[in-house]
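Subject: Model for your review

Hello,

The sequence and structure are below.

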Amino acid sequence: MVPYLLALFGLVVSASANPIIYDGRAPYNYTGDDLNNSVDPYLSVVKGSTENATYYTTLLGNSLNPTLLWNNYLMPWLPTEQPMTISIDNTSIFVPGGGSPQNGFRRTELIAQKDNNHTALNGVADVGTTVFHVSIRADDMLCLNMSHEYQIVWIEPNDGSHVFEIQLGSPFTIPTGPLPVADAHYLKVRNHALDLLFETPFTSDDWHNFAVQVDWTNLTLGVFYSTNEQPLEAVTGVEDNSSTPAGSAGQGDYHFGVLKLPLADPSEPASEQSNVVYYGIQEGDKEALTYSGVFIESIEGGVSAGWGKTVSPIA
């Protein structure tokens, strides 16, 4: 019996449809000390400068089941990763190395890292055609303020733009219009030019599973989506992303977390109102999202859809 169970456990651990370039699904032996010290698979420095990473990011252990998609179908009751909750509050002011405090933002993010080098990962993950997976869940005890814009998943080249991004809330505008906007409670996937590719209601108590297919050669995107245990399905066709810089200039780090933009402050000069990094209105409330199922794969055998199944790349 024991050898049989161990064999099944081996199947659970190794179950993946395609070659995994980066695996950000936190194993159960990943600890808070690991997180505070930016031990792979995360670089945890994007946070408030006065607190440790574990003040903002909580590893949930067995207290919440992760997305079910990546459990092996033979043992679906045995998760192989722990989800994590990523939060912000009024201390979440990031101070980049050699830079000034980003007083306009409230932000906590984890950056994909492999072999203690997030930059080296870009040269492997940001070539050919690769797929970026993530699952997102609302934290109903620490709700977002949907009058603000939130950037929650993206790839960021050195120029600060985003190859793609997943958003929530109301887009930042000057002057601030009626808030929240009609689709504030929708998850939105946008391309580099910020064109809307797909949106869906951000329902509570559900895992929202995404996979974004990035063709780094032809500069296109495609989006897969599902909820909870349902396998991923394509929800867009091949979408233009040609405003992304070609080659290494368009490669960047894979971020996930909570980046809250300010509201424009009408009492500030126009030049400051548009400078969202350093100026604007923030309430300082504690807010959070929960993450699971973060990984990057090649499309060598198709796109992983969950439960050991693959679907064809978007073409």
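Three bridges join strand β3 (residues 57–59) to β4, and the two run antiparallel. Strands here are DSSP runs of E with at least two residues, numbered from the N terminus as helices are (H or I, at least four residues); two strands pair if DSSP finds at least two bridges between them. T57 has I86 of β4 as its bridge partner.

This is a predicted model: local features need pLDDT of at least 70 and side-chain atom pairs count only at pLDDT 80 or more, while totals for chains, interfaces and linings use all residues. Residues are numbered from 1 along each chain as its sequence is written, and side-chain values use heavy atoms, with hydrogens and water left out.

β4 also pairs with strand β16 (residues 287–298), in the antiparallel sense, over five bridges. There M84 stands opposite Y291 of β16.

Five of the five residues of β4 (residues 84–88) are buried, so the strand is largely enclosed by the rest of the structure. Buried means under 20% relative accessible area, exposed over 50%, and partly exposed in between (1.4 Å probe, protein chains only). M84, I86 and I88 point one way from β4, T85 and S87 the other way.

The loop between β3 and β4 contains L69. L69 counts as buried because its relative accessibility is 1%. Not counting residues up to four places away in sequence, L69 touches N209, S226, N228, E229, Q230, P231, L232, A305, G306 and W307, where contact means heavy atoms within 4.5 Å. L69 and P231 are 162 residues apart in sequence, with their C-alpha atoms 6.8 Å apart in space.

Regards
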